[in-house]
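Have the viewer open as you read.

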Amino acid sequence: MGFHHVPVLLAEVLTYLAPRQGGRYMDGTVGGAGHSAAILKEAGAQAHLIGFDQDPRALAAAEQRLQPYGGQVTLVHENFRRLRQVAEQLDVVGKVDGILLDLGVSSHQLDEVDRGFMYRMDAPLDMRMNPQGALTAAQIVNTYPSPSRNPMEPSMVSVETVFFPN
Ligand SMILES: C[S@@+](CC[C@H](N)C(=O)[O-])C[C@H]1O[C@@H](n2cnc3c(N)ncnc32)[C@H](O)[C@@H]1O
């Protein structure tokens, strides 16, 4: 199954990002590159887009989708938390017109059994967006200390505490 899907809130993203001709944009969650392709189309032949994804399969899909834009695209296999460092390496600090973050998982990640995100079918619990990462969800659930028999309980308690204090 591919990463290709209809990007969410595309019209809204283009309205608020308002890509300008020849602008430079960063997509911190490039995924299947639906948003990125639309930004590049709107910003014209002199525009440049830097796309991040921590999932190499997403990057491969983005590379294919953005092939028509050739040298206008730089794809980076990174977590977007390193956006600043990458911007420094590429010498674009203060020279970016807009940044998009479409946060969450992609339907591809949810649908592929071997990614370990789904509970519709039996598969090892993994949930790493970056398969090169060391820690799987199975390791967290099965080895992290818990005061109760339910290993998920500490996280539920802390979410509750954040949203419903007192
Ligand atoms: C909802 S999809 C993005 C879809 C994309 N906007 C499109 O139009 O196809 C989210 C993507 O962000 C990536 N992602 C999630 N958190 C990330 C992070 N912290 N750093 C880099 N990529 C991340 C996921 O691997 C996934 O490919």
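Helices (H or I, at least four residues) and strands (E, at least two) are DSSP runs, numbered from the N terminus.

A word on the model: it's predicted, so local features need pLDDT of at least 70 and side-chain atom pairs count only at pLDDT 80 or more, while totals for chains, interfaces and linings use all residues. Residues are numbered from 1 along each chain as its sequence is written.

## The buried face

Which residues of helix H3 (residues 56–65) are buried? They're Ala-58, Leu-59, Ala-61, Ala-62 and Arg-65. Looking down the H3 axis, these fall within an arc of 160 degrees, so they line one face of the helix; the arc is taken from the directions from the helix axis to the C-beta atoms.

Leu-59 sits in helix H3 and counts as buried because 21 other C-beta atoms lie within 10 Å (buried takes 20 or more, exposed 12 or fewer, partly exposed in between, with C-beta atoms placed from the backbone). Setting aside neighbours within four places in sequence, Leu-59 is in contact with Asp-53, Leu-75 and His-77.

## Around the ligand

There are 18 residues around the ligand, and Pro-7, Thr-29, Gly-31, Gly-32 and Gly-34 come nearest (a residue is near if its C-beta atom, placed from the backbone, lies within 6 Å). Helix H2 (34–43) and strand S2 (48–53) are the elements that give two or more residues to this shell.

Notes
Two residues are in contact if their C-beta atoms, placed from the backbone, lie within 7 Å.
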